[in-house]
Amino acid sequence: MRLVIAKCSVEYAGRLSAHLPLATRLLMIKADGSVLVHSDGGSYKPLNWMSPPCTLSISEPSEEQASAGITQVWTVAANKTDDRLIVAIHEVQHDSAHELGVDPGLVKDGVEAHLQKLLAEQIELLGDGHTLVRREYMTAIGPVDILARDASGRAVAVELKRRGDIDGVEQLTRYLELMNRDPHLAPVAGVFAAQEIKPQARTLAEDRGIRCVVLDYEAMKGVDSGVPTLF
């Protein structure tokens, strides 16, 4: 990965047009070819970017550009469209390259993984008559944490989080849409289970017919927290 801190302006042309005026920014060039433009704010989201497949070329400025203080021109061209990201570099303050190696991918933290194991062993927490089908039930877009069946035999897809937010509800919604197309599973009910569920996430889940379950992790481990839990 190459990291460049530079005073620059940025133009994006293609399906849309966007302009970033002159300022100091972080330019990130990843091994997959993607180029991202970050400011010192806005959390993880770049101000602008070009996703792979794309090609980065660096050229000398024209006389007019040089007279305006530009020292380099970066042109990032998408390989499959006419989109262009043009970065006009005025001053480079830092330029370094780092070999990150092969990334193992996202691994659920210990508590979340343990929650899944405990709930699979205590599947009755979802309600009387529930039985476990399997953990990590694979779909075409990823694994559902738990597949169970309720007392009537209906399939139940469970998405587990430590802290349940809207993203988790959206993830479960995508799983349910796909699983309900399978005649061997449909109809599939959804359960969003977490130690804590944010009010907005609960509202969205219930609006979509997804049941919310709050899990007491300490009690599931066999340690009585002393705090009653509503399911």
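Trainee: Leaving aside its neighbours within four places in sequence, which residues is Glu112 in contact with?

Mentor: With those neighbours set aside, Glu112 is in contact with Leu160, Lys161 and Arg162. Contact means heavy atoms within 4.5 Å. This is a predicted model, in which local features need pLDDT of at least 70 and side-chain atom pairs count only at pLDDT 80 or more, while totals for chains, interfaces and linings use all residues. Residues are numbered from 1 along each chain as its sequence is written, and side-chain values use heavy atoms, with hydrogens and water left out.

Trainee: Why does Glu112 count as buried?

Mentor: Buried means under 20% relative accessible area, exposed means over 50%, and partly exposed lies in between (1.4 Å probe, protein chains only). Glu112 has 12% relative accessibility, so Glu112 counts as buried. Glu112 is found in helix 2, residues 110-121. Helices (H or I, at least four residues) and strands (E, at least two) are DSSP runs, numbered from the N terminus.

Trainee: What makes the pair Lys161 and Glu159 a salt bridge?

Mentor: A salt bridge is a side-chain nitrogen of Lys or Arg within 4 Å of a carboxyl oxygen of Asp or Glu. The N to O distance for Lys161 and Glu159 is 3.4 Å, so the pair meets the rule. Glu159 is buried at a relative accessible area of 1%, and Lys161 is buried too, at 18%.

Trainee: Which parts does the pair Glu196 and Arg163 tie together?

Mentor: The side chains of Glu196 and Arg163 meet in a salt bridge at 3.8 Å, N to O. Glu196 lies in strand 11 and Arg163 in strand 10, so the pair ties together parts that are 33 residues apart in sequence. Arg163 counts as exposed at 51% relative accessibility, whereas Glu196 is partly exposed at 44%.

Trainee: Why are Lys221 and Glu218 listed as a salt bridge, and how many salt bridges does the rule give?

Mentor: The closest N and O atoms of Lys221 and Glu218 are 3.6 Å apart, so this pair also passes the rule. Lys221 counts as partly exposed at 40% relative accessibility, and Glu218 as partly exposed at 33%. The count comes to seven salt bridges.

Trainee: What makes a set of residues a nonpolar core?

Mentor: A nonpolar core is a set of buried Ala, Val, Leu, Ile, Met, Phe, Trp, Tyr and Cys residues joined through side-chain atoms within 4.5 Å. The largest nonpolar core has 19 residues, and Ala157, Val169, Met179, Val188, Phe192 and Ile210 touch the most other members. Strand 9 (142-149), strand 10 (155-164), helix 3 (166-179), strand 11 (188-197) and helix 4 (199-207) give two or more residues each to this core. Helix 3 gives the largest share, five residues.

Trainee: Which residues does Val169 touch, not counting residues up to four places away in sequence?

Mentor: Val169 touches Phe192, Ala201, Leu204, Ala205, Arg208 and Ile210.

Trainee: What makes a space a pocket?

Mentor: The search uses a 1 Å grid over the protein atoms alone. A cavity is a set of points where a 1.4 Å probe fits but cannot get out, whereas a pocket is an open set with protein on both sides within 12 Å along at least five of seven lines; lining residues have an atom within 4 Å of a point. The largest pocket has a volume of about 300 Å³. Its lining has 17 residues, of which Tyr12, Arg15, Trp49, Met50 and Asp83 are the closest to the centre. Strand 4 (48-50) and strand 2 (18-29) each supply at least two lining residues, and strand 4 gives the most, three.

Trainee: What residues line the second largest pocket?

Mentor: Met1, Lys30, Ala31, Asp32, His98, Glu99, Leu100 and Gly101 line the second largest pocket. The volume of the second largest pocket is about 160 Å³. A volume is the space filled by probe spheres set on the grid points, which are joined across faces, edges and corners.

Trainee: What is the peptide bond from Pro52 to Pro53?

Mentor: The bond from Pro52 to Pro53 is cis, with omega near 0°. Pro53 is found in the loop between strand 4 and strand 5 (54-59). Another cis peptide bond joins Ala186 and Pro187, with omega about 0°, and Pro187 lies in the loop between helix 3 and strand 11.
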